[in-house]
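Please keep the sequence and the structure in view while working through the numbered points.

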Amino acid sequence: MDKERELYRELELKGVSRREFLKYCAATAAVLGLSELEFTTRVVQALESASKKPPVIWISGQDCAGCSISFTGALNPPAASIILDKISLRYHEAIMAASGHLAESVYHETVKQGGYVLVVEGSVPSADDRFCMVGGRPFRKILEEAAVKAVAIIAVGACAAYGGIPAAGPTKGIGLNKALPDRQVINLPTCPVHPDHLVGTVLYFLATRKVPLLDDLNRPKAYFGRSIHDNCRRRGYFDEGLFLTDWNDPNQQDWCLFEKGCKGPDTYSDCPVRRWNDGINFCIDCGAGCQGCAEPDFYADLSPLFTAEGEKSKNIMARKKAGLIPKKKEA
Amino acid sequence: MGKKISIDPVTRIEGHLKIEVEIENGKVKDAWSAGTMARGFEALLTGKDPRDAPFVTSRFCGVCFSVHQIASARALDDAFGANVPWGGTLLRNLAMGAEYIYDHVLHFYHLTALDYIDIMAVANYKGKDKDLVAVKEKILGLVKANDTFPLTPRYKPDEYCVNDPDMVIAAVKHYIDALSMNAKARNMGAIFGGRTPHYQSIVVGGCTQYPDINMVARFRTMLDEQAKFVNEVYIPDVLAFGTGPLLPLATMGVGGGHNNYLSYGALEKDPAGNDLVFPPGVIFGLDPGNIKVQPFDQKKITESVKYAWYKQDKPQHPYNGKQEFDLNHKEAYTFVKAPRYDGKPMEVGPLARMIITKNPTLLGLVKKGVKPGAVARHAARAIETKLIVDACYKWCDDLLDAMTKPGFKIHDTDHWEPPETGMGVGFYEAPRGALGHWIKIKNKKIDNYQAVVPSTWMASPRDEKKVRGQYEESLIGVPVPDAENPINVVRVIRSFDPCLACAIHLIDPKTNEIRKFIVE
């Protein structure tokens, strides 16, 4: 039985020993009322015709794992169902069972085969490769080699898309827009990625095998088509010039957060409509304002975050005074 | 000369860490811990508006984001002279409590449980429980489809792996359930934090989320579901494993280390901050029969960079430390600095906290023969999760009480503007242990910013005296009968809940070459 030998070899590769597999066959065969041989043969046949789940490789560079955690916050559908039922998650350092050489072997095998969706979290250090090494190799090289045979590349979070916070540091973190300039990348910025944005984009791609319609910053228009300000529930107060100055004052609780540094008018994302954490809350509703994490100039160019003294805030106010930001009823 | 092995990447942790061990006679003889990624956060904050710091430093870690935000805000509170009103403290505590609950549960089920179970034992489950049969079918379905990623490949199960089908199938079900419980716990935190990961509402002087009664009611309802899971699933699972199949590992004290423990103390139960969920304290050379706790003195903290990729300097107190990289420093093997307390390496985190507070449940396990080590760390983590759940109920009551009184405040508005000059420190207890942020302000801008995080304490390299860090020391003597299958090494490392990216490689001791395990 060559096929059976082949099966054992493949199972071994995946960490299931022949003994374990036979134990499983015996147990299952008994339940099904079949002989062990009959059952093993059926499994081998099933393997040949099994519909393959699409492989996904998720690599992390200069990251904080926040996008990974954000992804596992998906409840509808739940993350467990995506990981086990919808995709074949070949490599994800925070989730996979394997470590060290076992983890690396799966990665290399999958990269060799090609045809996977590549998800990238975290930036790439451009100052020196040695600022991010995985398995003894520069993350930049891992990214470049994994990109070659990927059917789609998704940059999750501000760091992977445009460099994010690490872009401001001595390691000069860059996003895929600069690290993979010749490849089409679907950018899902915000810090961290919104789980709906990621799950929706992956499922859309798997269903249609097409990249969703993107804006000029390669963000899906469906999620990043309108500004935070367009849909902000505090927008009427912005129009009236009523800006919150004291978080203790119950009368000011709904006022505009511009004076506290809100960058909503120049930030494009559907946060006010979709909200975060299963709709429970989001930045503007908790009184802290939008810090522009969906935009390429996040973070350093938007500092100071919590005042209206930054360039972007001054520009927003100048436009408001010149009547260039339409009022809610006019929009 | 033993055989050197290296695991890179160590997965199911946060970040990039490399650990090398030398094995002799089936046991670890020496070990090296190395962080292999740097972003330079402290350096990039220099010159920025100090009020950016809590938002930016939250991004130190997307798993334990709130602790950084709060520790940073506390450093600013100190430097600005802000007095956080009780309402602001309660909101911070509730946001923090939600993080503890999700983080500890995630660590047990998603980051470590796979090291302790033989997942394929689900095939032998003979019971009729509908939910468990569904789990069995799901896993067998993956095997039949010849696609068991990401549950395999894995290190070969050894004699300590649980293979009792009933225990394993329950653990696998709880692994799946816990993913949703984690998401819900983070959602609970977002009620006051704004959103997760990375809360938005924690600022110098307090919190920006003005609470209403419905928010408190919602938090409490969600807390009920979490409490049920913690009390009826998480704690029983940890105890069943720890006092059952893993008892030999527990009583051997595999993964013990230096036996020095440190807690800064955190989480106020009263406005004056006299009563803390986790009290501060220091223990040198633990004697379980006679626990002696010394007071904590922040002046005794220093950081050594002798074996790290930084510009060389003598050990410095964090106020004076710098973050200037030197990638060509010959002796260095990590981006992690080596913090020491009174010159000694320390363990921080749940085990340290539960020993320092002399928790009766933990001491009960010690009486049964459990020694400080990997298994005891899991137990301590579960025990303190219940303390946090109980504290969250109290904080909900306190918040309702405070917000229904006149003059309720969540923020110190008088100290919102940065001082011309100033310095401050924010101590906190992260899920992974003692956390400190230090800030110096000059011309209303950040002049110097330093953080000593729990994983810096524990993943640290050797210091000036060549004394190993806690991860390194805890690996000494750990049984590795098969160098190709160093499962005990990752068990010990993961028991600390590392929050950086590590790696362990297999190195040939003669040529010093990293052995290749790549399947061509």
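**Note on the two-chain model**

1. In chain B, strand S10 (residues 301-304) is covered on both faces: B:Ile301 and B:Glu303 on one side, and B:Thr302 and B:Ser304 on the other, are all buried. A residue is called buried if 20 or more other C-beta atoms lie within 10 Å of its own, exposed if 12 or fewer, and partly exposed in between, with C-beta atoms placed from the backbone. Strands (E, at least two residues) and helices (H or I, at least four) are DSSP runs numbered from the N terminus. In a regular strand the side chains alternate between the two faces of the sheet.

2. The model is predicted: local features need pLDDT of at least 70, side-chain atom pairs count only at pLDDT 80 or more, and totals for chains, interfaces and linings use all residues. Residues are numbered from 1 along each chain as its sequence is written, while chains are lettered from A and ligands numbered from 1 in the order in which they are written.

3. S10(B) runs antiparallel to strand S11 (residues 338-341) of chain B, and four bridges join them. Strands pair if DSSP finds at least two bridges between them. Within this pair, B:Ser304 stands opposite B:Ala338.

4. Helix H3 (residues 65-80) of chain B has 16 residues, which at 1.5 Å a residue should span 22 Å; the end C-alpha atoms are 22 Å apart, so the two values agree. The expected span is 1.5 Å times one less than the number of residues. Of the 16 residues of H3(B), 15 are buried. Just after this helix, B:Gly81 takes a positive phi of about 75°.

5. Which residues does B:Arg74 touch? B:Arg74 lies in helix H3 of chain B and counts as buried because it has 25 C-beta neighbours inside 10 Å. Leaving aside residues up to four places away in sequence, B:Arg74 touches B:Gly426, B:Phe427 and B:Tyr428; two residues are in contact if their C-beta atoms, placed from the backbone, lie within 7 Å. B:Tyr428 is 354 residues from B:Arg74 along the chain, yet their C-alpha atoms are separated by 8.5 Å.

6. Chain A has 14 helices and nine strands. Of its 331 residues, 53% are buried. Chain A is divided into domain 1 (2-49), domain 2 (55-223) and domain 3 (229-321), with bounds from an automatic or database domain assignment.

7. The centres of domain 2 and domain 3 of chain A, taken over C-alpha atoms, are separated by 28 Å. Contacts link 15 residues of domain 2 of chain A to 12 residues of domain 3 of chain A. The side of domain 2 that touches domain 3 has 10 nonpolar, four polar and one charged residues. Here Ala, Val, Leu, Ile, Met, Phe, Trp, Tyr, Cys and Pro count as nonpolar, Asp, Glu, Lys and Arg as charged, and the others, Gly among them, as polar.

8. The contact between the chains takes 89 residues from chain A and 82 residues from chain B. On the side of chain B that touches chain A, H6(B) gives the largest share, 10 residues. That side divides into 43 nonpolar, 23 polar and 16 charged residues.
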